[in-house]
Amino acid sequence: MSWDKVPVDLSDLRVLPEDNTLAGNRLITYRQAIHEAFAIALKQDPKVFLFGEGIDDPAGVFGTTLNLHKQFSKDRVFDTPICENTLTGIAIGASLAGMRPVLIHMRTDFLLVSMDQIINHAAKWKYMFGGKVNLPIVIRAIIGGGWGSAAQHSQPIQAIFAHIPGLRVVMPSTAYDAKGLLLSSIACPDPVMFIDHRWLFDYKDYVPEEAYLVPLGKPVLRRQGKDVTVITSSFMTAIALEAGKKLQDEGIDIEIVDLRTVKPIDAELIFSSVKKTKKAIVLDFGYAFCGISAEISSMITENCFSFLARPVERIALADVPTPASHVLEKEFYPNLENIICKIRKIAKGG
Amino acid sequence: MDKRIIKDLYYRMVKIRKFEDKIIQHYPEQQMRCPVHLYIGQEAIATGVCAHLKKSDYLFSYHRNHGHLIAKGADIKEMFAELYGKKTGCSSGKGGSTHMVSLENSIFGTSAIVAGGIPIGTGAALAVRLQRQRQIVVIFLGDGAIEQGTFFESMNFAKLKKLPILFVCENNFYATNSSQKVRQANPDIYKIADFFSMPKALLDGNDVIQVYKKSGDFIARIRKGSGPCFIEARTYRFRTHVGPETDIEKGFRAREEVEKWMKKCPYKRFHRQILANKLLKENELLDIEHRADEEVKEAWEFAVKSPYPEKEDLRTDIY
Ligand SMILES: Cc1ncc(C[n+]2csc(CCOP(=O)(O)OP(=O)(O)O)c2C)c(N)n1
């Protein structure tokens with residue numbers, strides 16, 4: 001198995017966009033969708049530029065930036081020294097001086113080297129100066145391990161950014177969303193953390209050829225059901241959909257809410273769904289403790305308590321650093337079987 | 001030297017001094033409720049450098065930023081109001097002393113994280129290059145900032161991309177209360193520029209004419225596309241790291257050392273130089289001083305009279 005292949009075989013999954021009547025819909029991968037969004041953004045706006053370690057090499061960030069430097073010049077798509085914190089500051093400064101930079105990291109782990117510029121600077125800048133300055137920057141990084149990537153190369157740390165006021169955190173689960181959310185992120189006047197998932201790169205979806213925007217901060221209903229509300233995002237949406245199909249055979253009908261953006265969250269869709277099903281489980285590709293699932297669970301409890309038939313449940317990653325051995329790795333990530341078991345239990349009122 | 005330039009330099013320097021004297025006067029009233037890092041003693045540097053800058057040239061600074069903003073022409077009413085936490089402040093009362101902004105002067109914010117503004121200034125210079133514009137960028141930093149990795153990373157990037165940046169390190173020999181000796185293995189900061197093959201200069205930071213001339217040379221070169229240059233200007237702050245007091249009574253620095261540097265006061269020295277060389281007449285200097293006095297008084301009154309932010313303002317300006 002190579003670096004970037006999906007470890008769980010769900011390749012037959014097809015997530016339909018909301019509107020597949022749009023002209024030029026084609027079945028393309030999540031990776032192609034991201035590449036396409038970058039190409040459109042670079043073409044549409046001369047202020048957009050992409051930079052990051054190795055983004056113009058023959059691998060092109062898992063294919064998502066492949067050959068863009070040839071198409072759009074080395075001024076607009078360029079390789080950098082290995083200095084993540086400074087690169088983040090450079091993105092901030094460039095945006096202050098009129099550009100729309102997109103800084104790309106192969107893995108979220110490297111964001112930890114740039115925490116000063118992300119949290120102390122980018123997140124605060126607009127507020128600190130009374131709203132006088134905007135920072136239209138996108139910091140894109142990739143989560144998802146596999147193949148023994150281990151503790152420093154596959155950390156699910158998106159919740160850290162969601163915790164910080166002033167940042168937006170986007171986590172697409174489908175190719176359609178990846179393209180539309182990425183274009184929205186680049187168009188956004190504020191700093192956006194765009195976090196895509198390696199295991200989704202080969203997933204296909206119907207995607208319009210032209211540019212379109214998926215709004216930031218709006219969750220979407222991926223599946224309608226009456227028995228349990230499953231709130232999820234990113235790769236866990238794919239698992240949830242798979243679980244939905246299997247459970248349907250048993251007569252259990254789950255409703256799936258895909259967050260799309262984990263900060264900010266317009267929670268109305270979650271609340272209306274929970275009020276309908278009376279049961280909720282949050283699936284998160286992150287840590288449970290102080291994590292996104294904790295937040296969602298608390299939001300539901302605070303807003304829908306009297307509707308709930310049972311406590312909100314959560315499934316997240318094991319509370320340990322990512323292990324290397326594939327035996328341990330398998331244990332570390334939530335799996336379809338466990339998820340199905342838990343949902344079944346909740347649905348049956350156990 | 002041109003009389004007009006001398007007047008201009010004197011005006012900028014006096015205005016910084018008077019602005020900060022006013023802070024010292026009123027700070028004990030506890031109405032300016034934010035830490036203040038006073039620039040008194042270092043005025044020659046901001047003055048000498050900023051005299052060469054156009055409004056459109058970018059300036060990035062750090063926690064000791066008042067002098068840089070004033071020298072570049074920022075509105076001192078808004079600055080004073082910011083110190084008082086007023087809605088009329090340059091940052092609407094959300095930034096305080098360390099986070100000042102002046103869009104008209106291409107000062108797009110200042111960081112209180114040591115060295116935090118250095119990569120940001122570098123990014124602004126990258127944007128200038130990418131947009132084929134003509135501005136230059138000046139990045140002021142303290143001697144403490146060179147201890148941070150991002151300083152070296154930014155120097156590397158700036159040189160690699162031949163960016164139009166003048167780095168100005170204001171070496172006042174202290175970072176809070178720690179002397180340079182206990183923090184840095186080599187006292188000659190300016191020599192760091194050699195590693196990046198960057199033109200460099202070591203200056204007497206208390207001599208405004210020297211700063212003016214050398215920074216003028218560098219800025220002219222940078223405008224022609226030479227790439228980044230580096231200045232270390234040695235100076236001394238007269239007041240304590242943060243707040244209006246001096247360090248003598250607190251015991252942070254030796255009385256002899258402070259007094260030795262007070263004798264090299266950049267303001268008095270310039271005043272003496274002007275009169276000794278008959279560059280301006282005494283009454284011309286007095287006129288400038290009065291003008292600065294008036295402006296500072298007006299700014300202070302504006303700040304005191306201004307309204308505070310509303311409670312609702314707490315939650316605005318996030319997105
Ligand atoms: C990253 C970071 N660490 C520590 C501090 C606390 N701090 C504030 S100012 C300062 C000293 C800075 O010294 P220098 O850069 O020489 O500037 P000066 O105050 O002497 O003008 C320190 C350590 C900080 N603001 N940021």
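Mentor: Let's start with B:Asn206, which is buried at a relative accessible area of 1%. Buried means under 20% relative accessible area, exposed means over 50%, and partly exposed is what falls in between, using a 1.4 Å probe and protein chains only. Before we go on, keep in mind that this is a predicted model: local features need pLDDT of at least 70, side-chain atom pairs count only at pLDDT 80 or more, and totals for chains, interfaces and linings use all residues. Residues are numbered from 1 along each chain as its sequence is written, chains are lettered from A and ligands numbered from 1 in the order in which they are written, and side-chain values use heavy atoms, with hydrogens and water left out.

Back to our residue. B:Asn206 sits in the loop between β6 (200-204) and α9 (208-223) of chain B; helices (H or I, at least four residues) and strands (E, at least two) are DSSP runs, numbered from the N terminus. Its side chain has a polar contact of 2.7 Å with the side chain of B:Thr235, and it also reaches the backbone oxygen of B:Lys264 at 3.0 Å. A polar contact here is a pair of N or O atoms within 3.5 Å; within protein, one must be able to donate a hydrogen and the other to accept it, and residues adjacent in sequence count only if both atoms are side-chain atoms. Setting aside neighbours within four places in sequence, B:Asn206 is in contact (heavy atoms within 4.5 Å) with residues including B:Gly41, B:Ala44, B:Arg234, B:Tyr236, B:Trp261, B:Pro266 and B:Arg269.

Now hop over to the partner. B:Thr235 belongs to the loop between β7 (229-234) and α10 (255-262) of chain B, and B:Thr235 is buried too, with a relative accessible area of 0%. Apart from neighbours within four places in sequence, the contacts of B:Thr235 include B:Gln42, B:Ile45, B:Asn171, B:Asn172, B:Phe173, B:Gly205 and B:Trp261.

While we're in chain B, have a look at the ligand. There are 16 residues around it, and B:His63, B:Arg64, B:Ala112, B:Gly144 and B:Tyr174 come nearest; a residue counts as near if one of its heavy atoms lies within 4 Å. A backbone N or O atom of B:Val114 lies 3.1 Å from a ligand nitrogen.

Rings next. The structure holds 26 aromatic pairs over all chains. The rings of A:Trp199 and A:Phe235 have centres 5.0 Å apart and planes at 85°, so that pair is edge-to-face. The rule is that rings of Phe, Tyr and Trp (its six-membered ring) pair if their centres lie within 6.5 Å; planes under 30 degrees apart count as stacked, over 60 as edge-to-face and the rest as tilted. A:Trp199 lies in the loop between β7 (192-197) and β8 (204-207) of chain A and A:Phe235 in helix α8 (residues 234-249) of chain A, so the pair ties together parts 36 residues apart in sequence. Both A:Trp199 and A:Phe235 are buried. As for α8(A), 12 of its 16 residues are buried, among them A:Met236, A:Ile239 and A:Leu247. Just after α8(A), A:Gly251 takes a positive phi of about 85°.

The charged end of B:Lys77 sits over the ring of B:Phe302, 5.7 Å from its centre, and B:Lys86 lies over the face of B:Tyr308 at 4.6 Å from the ring centre. To count, NZ of Lys or CZ of Arg must be within 6 Å of the ring centre and within 35 degrees of the ring normal.
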